[in-house]
Amino acid sequence: MQRSVTPSALADAVWPAVPSGALVLVPVGSTEQHGPHLPLDTDTVVAYAVARRTAAALTTEPYAPPLVAPALAYGASGEHADFPGTVSIGHVALRAVIVELTRSLSLWAGRTVFVNGHGGNTATLDTAVAQLRSEGHDVGWTGCGIPGGDAHAGRAETSLMLHLDPGRVRLDAVVAGDPRPLAALLPELVSRGVRAVSPCGVLGDPAGASAEAGRRALDAMVSATVRRIGAWNSDARGRLTDPDPLTKPVGR
């Protein structure tokens, strides 16, 4: 028999109410420049929203009751270091935080999922989660990517923030940046950083962004995250993958 429960924020809980064996979602974001029009915590806002809404969709056994941990607001953002306001802890520190968080959560949680909102954290999550799985922890991670979206602070992220927190989007400051796809930009970004490629910090063009497009993008990210957690398929790095249509979802 399934029982419906309400997902809750771990930060709001008292210890006697924290269930043993819970599924815990940990949003991972960043504090970094997002052009002249989006706030520094954009990646964190998006990751938390995806985690929260995913938890709300996983309110029946074997996932109930899901918990959403406080977001990690600092990540590996060295490519944005030339912009004031960016705060990066780098790959070594981020990896240590992910590893120690999971080891601590595993003392009472049944399964941990990191929900990542910043592409610069990807390599660190790959290595950290692979290590944790080799230690026997039930952990995985998934990203908040938007298929076909632009690279950074463009139409996709601007649309998401217009949906999630429109009062913090400075539409009068919107400018276009380098429109090339991320694959073409990546070598320069790695060697020279974002500011050398786009002085305004935007990689893409926010023109045409809308709250409705942001809502659709968020719905798609949440649906993908729910599917991946339900299937619990992953690659060797612990990245959760879309389910095989011939297999059934598995529990813990």
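Predicted model: local features only at pLDDT ≥ 70, side-chain atom pairs only at ≥ 80, totals over all residues.

User: Great. Which residues touch the most other members in the largest nonpolar core?

Analyst: Those are L23, L25, V50, V113, L218, M221 and I229, in a core of 21 residues.

User: And which elements give two or more residues to this core?

Analyst: Strand 2 (23-28), helix 1 (42-57), strand 4 (111-116) and helix 7 (211-231) each do.

User: Let me zoom in on L218. What does L218 touch, not counting residues up to four places away in sequence?

Analyst: With those set aside, L218 touches A49, V50, R53, L160, H163 and L164.

User: How many residues are in the second, separate core?

Analyst: That one has 20 residues, including V24, L105, A128 and W141.

User: Next, T142. Where is T142 found, and is T142 buried or exposed?

Analyst: T142 is found in strand 5, which covers residues 139-143. Its relative accessibility is 2%, so T142 counts as buried, the cut-off being under 20%.

User: What is T142 in contact with, leaving aside neighbours within four places in sequence?

Analyst: Its contacts are V113, F114, V115, N116, T225, R228 and L240.

User: Changing topic: which residues form a nonpolar patch on the surface?

Analyst: Y74, V87, I89 and V97 form one, and together they have about 300 Å² of accessible area. V97 lies in helix 2 (residues 90-105), and V97 is partly exposed, with a relative accessible area of 32%.

User: Now the charges. What does the count of salt bridges come to?

Analyst: The count comes to 16 salt bridges.

User: How far apart are the closest N and O atoms in the salt bridge of R237 with D126?

Analyst: They are 3.9 Å apart. R237 lies in the loop between strand 6 (233-234) and strand 7 (240-241) and D126 in helix 3 (residues 122-134), so this pair ties together parts that are 111 residues apart in sequence.

User: Are R237 and D126 buried or partly exposed?

Analyst: R237 is partly exposed, with a relative accessible area of 38%, whereas D126 is buried at 9%.

User: Which residues are linked with R237 in a network of salt bridges?

Analyst: The network links D126, D235, R237 and R239.

User: Last one: what about D242 and R227?

Analyst: Their side chains meet in a salt bridge of 3.5 Å, N to O. D242 lies in the segment after strand 7 and R227 in helix 7, so the pair ties together parts that are 15 residues apart in sequence. D242 is partly exposed, with a relative accessible area of 40%, and R227 is partly exposed at 40%.

Notes
Residues numbered from 1 in each chain as written. Heavy atoms only, no water. Core = buried A, V, L, I, M, F, W, Y, C linked by side-chain atoms within 4.5 Å. Buried < 20%, exposed > 50% of the residue type's maximum accessible area, 1.4 Å probe, protein only. Helix = DSSP H or I, 4+ residues; strand = E, 2+ residues; numbered from the N terminus. Contact = heavy atoms within 4.5 Å. Patch = residues over 30% accessible without salt bridge, like charges linked within 9 Å, V, L, I, M, F, W, Y side chains within 5 Å. Areas by Shrake-Rupley, 256 points an atom, 1.4 Å probe, with all protein chains shown as cover. Salt bridge = Lys/Arg side-chain N within 4 Å of Asp/Glu carboxyl O.
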